[in-house]
Amino acid sequence: MLKRRWGLALAVLLVLLVSAPTSAKIQITYWHQWTGQWTKVLEDIANLFNESQDEIEVKAVVIPENFRERLMSAAAVGDMPDVVSLTGDGNLYMAERGLFLPIDELMGDEWEAFKEWAMPVVWEVNDWKGHVWALTPYIDCCSLYYNINHFREAGLDPASPPRTIEELDLYTEKLTRYDARGNIDVIGFYPSWGLDYWGTVFGGSFVDDDGAPIFNKDPKILAALEWITSYSHKYDVNKIVAFESGISEERAGALDPFISEKKSMEQQGQWVIINIANYAPEGFEYGLAPFTPYPEGGREGGILVRSAYGALAIPKGTKHPEAALEFIKFWIGYGYEAQRAKIFEWGAWMPLDREQKIWQQATTLEYLKQFPQFEVFRNILYMQNWAVMKTPVDSFLFDRLSAAKDYARLLEKTPQEALDDAAAEVMKEYERVRR
Amino acid sequence: MASAVVRKRRLQGLLFISPWLVGFLVFTLYPFVSSIYFSLTSYDVISPPEYIGLENYRNMMADPLVRKALYNTFYYAVFFIPLSTIWGICVALMLNLKVRGMTVYRTLFYIPSIVPIVASSMVWLWLLNPQYGIINGLIYLFFKVPGPGWITDPRLSKPSLILMGLWGIGQTALIYLASLQDVPESLYESAELDGANAFQKVIHVTIPMISPVILFNVIMGLIGTFQYFTQAYIMTGGGPADSTLFYALYLYNSAFRFFKMGYASAMAWLMFLVIFGLTVLTFSLSSRWVYYGGQAR
């Protein structure tokens with residue numbers, strides 16, 4: 001009796017095993033860091049890719065925290081995903097250490113055609129030591145958003161946003177308001193973003209071609225930091241810091257200081273168009289300057305591009321490099337223009353094809369009708385006036401640049417001292433890595 | 001020669017503790033020992049370690065950020081440990097009073113200890129917010145002056161974190177409370193007969209009687225402060241202007257952000273030696289102020 005039961009159980013198991021659906025498709029894993037509402041968007045991208053494929057299936061896996069640690073641990077034990085979105089820094093360091101496959105080599109004969117199709121920024125930022133280690137599917141452009149009602153109340157012409165740093169400072173004085181306690185209630189403008197961004201707008205360079213720090217010797221970077229520090233002198237450092245800390249934790253969505261009308265002007269990326277549409281209060285009117293104001297000798301429409309910005313890489317050790325490459329091509333839109341147009345719509349990730357064919361897709365045209373403000377960012381994008389910062393010590397560099405900005409704006413050091421100290425620290429780190 | 005039964009029981013015993021044993025060997029002893037080796041290497045986790053002798057230790061001595069991190073950590077320890085001891089004993093003494101509803105008060109003081117650090121850090125970020133925080137709101141309400149910048153001011157960022165640490169004193173206070181209840185009532189009665197007032201009873205009876213517990217809390221506090229990490233990681237990220245760059249935070253950054261696992265291992269060993277040294281020092285000095293009931297002084 002017992003034997004018969006065992007036999008029956010075995011037979012059922014065999015039937016189940018045989019009838020289990022088996023996928024003949026190549027399965028690849030894609031790691032990214034987009035959390036919250038964005039996880040679903042990335043899943044949709046993976047699904048869209050899967051629909052377009054007969055032989056490949058990608059699975060998007062969100063790594064919500066400690067992405068770097070997870071990636072390093074996976075590398076240490078040789079259990080890497082097939083594709084990763086590199087949204088942290090340190091990517092060129094990892095590339096130098098052989099963590100990724102060279103994409104230019106992997107593309108073979110197709111590489112030249114690809115370079116004809118894509119804007120150089122797609123590969124330039126990860127072109128390092130003779131190879132391209134990752135491809136960038138989008139870059140973010142910035143411009144100056146301004147509150148039209150605040151402009152009117154301050155007697156400023158909403159049709160004439162500031163175009164230079166001098167004008168920006170002048171407008172800020174007129175737009176800044178204080179509360180009964182003497183605190184800043186609404187600030188016209190404050191350069192919240194890092195010195196890396198403002199140094200770029202001012203036309204400076206942070207590293208040389210080999211990635212060694214040179215920022216303390218560049219008068220344009222010094223001018224940028226002096227300008228940031230001027231706010232601490234002009235508006236009282238304690239009041240500025242108090243105001244900044246009040247809004248620094250609430251940058252996203254409805255609590256974005258520009259959307260919540262705590263800042264009359266703010267330099268921001270194209271994604272804020274969607275945030276304003278979703279979260280702005282009734283009666284909120286805004287305008288967009290053609291580019292972020294910059295000083296004489298600065299970079300018009302300047303964008304800093306770092307290797308970190310969402311670049312897609314293929315870790316060494318993947319069993320399916322061709323499949324992984326196909327997914328990267330899909331994300332960028334190379335050969336997948338219609339699908340890439342949808343991705344643009346889903347996440348405001350502007351495509352980077354030279355001929356702007358993706359911008360001509362029906363989906364995109366419809367989207368642009370709904371949000372014509374994207375044209376401002378499209379113009380900035382195709383100015384191609386970006387600065388690419390490439391160094392294997394970018395993690396340490398950004399950490400020290402942030403500290404240098406703090407020291408200067410809190411008036412703990414002069415801007416030159418802050419830059420010199422940071423550069424000395426970064427140089428030491430650079431020399432260590434180069435050894 | 002052990003008999004077969006003894007051997008069998010030994011084996012059974014080992015089998016029963018094997019889950020812990022394996023965990024200890026793999027997750028504690030192995031990393032502990034291997035970190036000695038890694039501290040002598042240039043190691044970034046993604047490529048094989050390369051032996052460099054004592055270079056990491058030499059670099060540490062010349063690293064201004066290590067000095068800064070050590071200063072911040074010592075600053076925190078020097079102020080937090082005595083303040084948490086005094087405040088912990090004060091809270092325990094108050095919670096030891098015989099008044100109605102004491103269980104409620106005890107619960108209230110203990111609650112902060114069970115709030116996850118991440119949650120309490122976020123709450124304190126807002127409490128200490130210079131412009132919108134309730135603390136500065138109250139300062140303005142009562143004194144009509146603007147409050148300070150707290151964690152946004154490099155001079156006040158560490159005191160702010162100390163203040164926040166004192167809020168979560170419940171665990172320590174609970175241990176003091178337990179030890180207070182162990183002080184024999186007869187000693188207080190004798191002191192009263194000798195004419196001691198409440199303050200004198202605390203100084204001459206309570207403190208000596210709970211001094212072993214104070215020693216325990218001081219040592220645990222010492223270890224805890226040198227490993228201070230989470231609040232700084234969440235609330236300040238080491239800023240403003242490196243003022244909250246604590247040693248453990250810089251160690252973490254070195255290991256996982258700056259690809260310097262070998263250097264971080266050397267930093268970990270320095271931290272271990274500092275904690276070990278201070279613990280030994282505290283123990284050796286303890287004979288001067290710790291009173292053990294069962295032992296003649």
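**A histidine and its surroundings**

Analyst: Happy to. This is a predicted model. Leaving out residues up to four places away in sequence, H320(A) touches I26(A), Q27(A), I28(A) and D82(A).

User: Where in chain A is H320(A) found?

Analyst: H320(A) sits in the loop between β13 (311-313) and α14 (321-332) of chain A.

User: Okay, new topic. Which residues touch the most other members of the largest nonpolar core?

Analyst: Those are Y30(A), F114(A), L135(A), F215(A) and W331(A), in a core of 216 residues. Helix α3 (residues 64-95) of chain B gives the largest share of this core, 11 residues.

User: Where does this core lie relative to domain 1 and domain 2 of chain A?

Analyst: The core lies between them, because domain 1 (26-139 + 305-388) and domain 2 (142-303 + 391-433) both give residues to it.

User: What does L135(A) contact?

Analyst: Beyond its neighbours within four places in sequence, its contacts include W111(A), F114(A), A311(A) and I328(A).

User: Now the interface. How many residues of chain A are in contact with chain B?

Analyst: 37 residues of chain A contact 32 residues of chain B. The area buried between the two chains is about 3,200 Å², with carbon and sulfur atoms giving 55% of that.

User: How many salt bridges are there across this interface?

Analyst: The rule finds 5 across the interface of chain A and chain B. D399(A) and R257(B) form a salt bridge through their side chains, at 3.2 Å from N to O.

User: Which element gives the largest share of chain A's side?

Analyst: That is α18(A), with 7 residues on the side that touches chain B.

Technical notes:
Residues numbered from 1 in each chain as written. Chains lettered and ligands numbered in written order. Predicted model: local features only at pLDDT ≥ 70, side-chain atom pairs only at ≥ 80, totals over all residues. Heavy atoms only, no water. Helix = DSSP H or I, 4+ residues; strand = E, 2+ residues; numbered from the N terminus. Contact = heavy atoms within 4.5 Å. Core = buried A, V, L, I, M, F, W, Y, C linked by side-chain atoms within 4.5 Å. Buried < 20%, exposed > 50% of the residue type's maximum accessible area, 1.4 Å probe, protein only. Domains from an automatic or database assignment. Buried area = accessible area lost by both parts, 1.4 Å probe. Salt bridge = Lys/Arg side-chain N within 4 Å of Asp/Glu carboxyl O.
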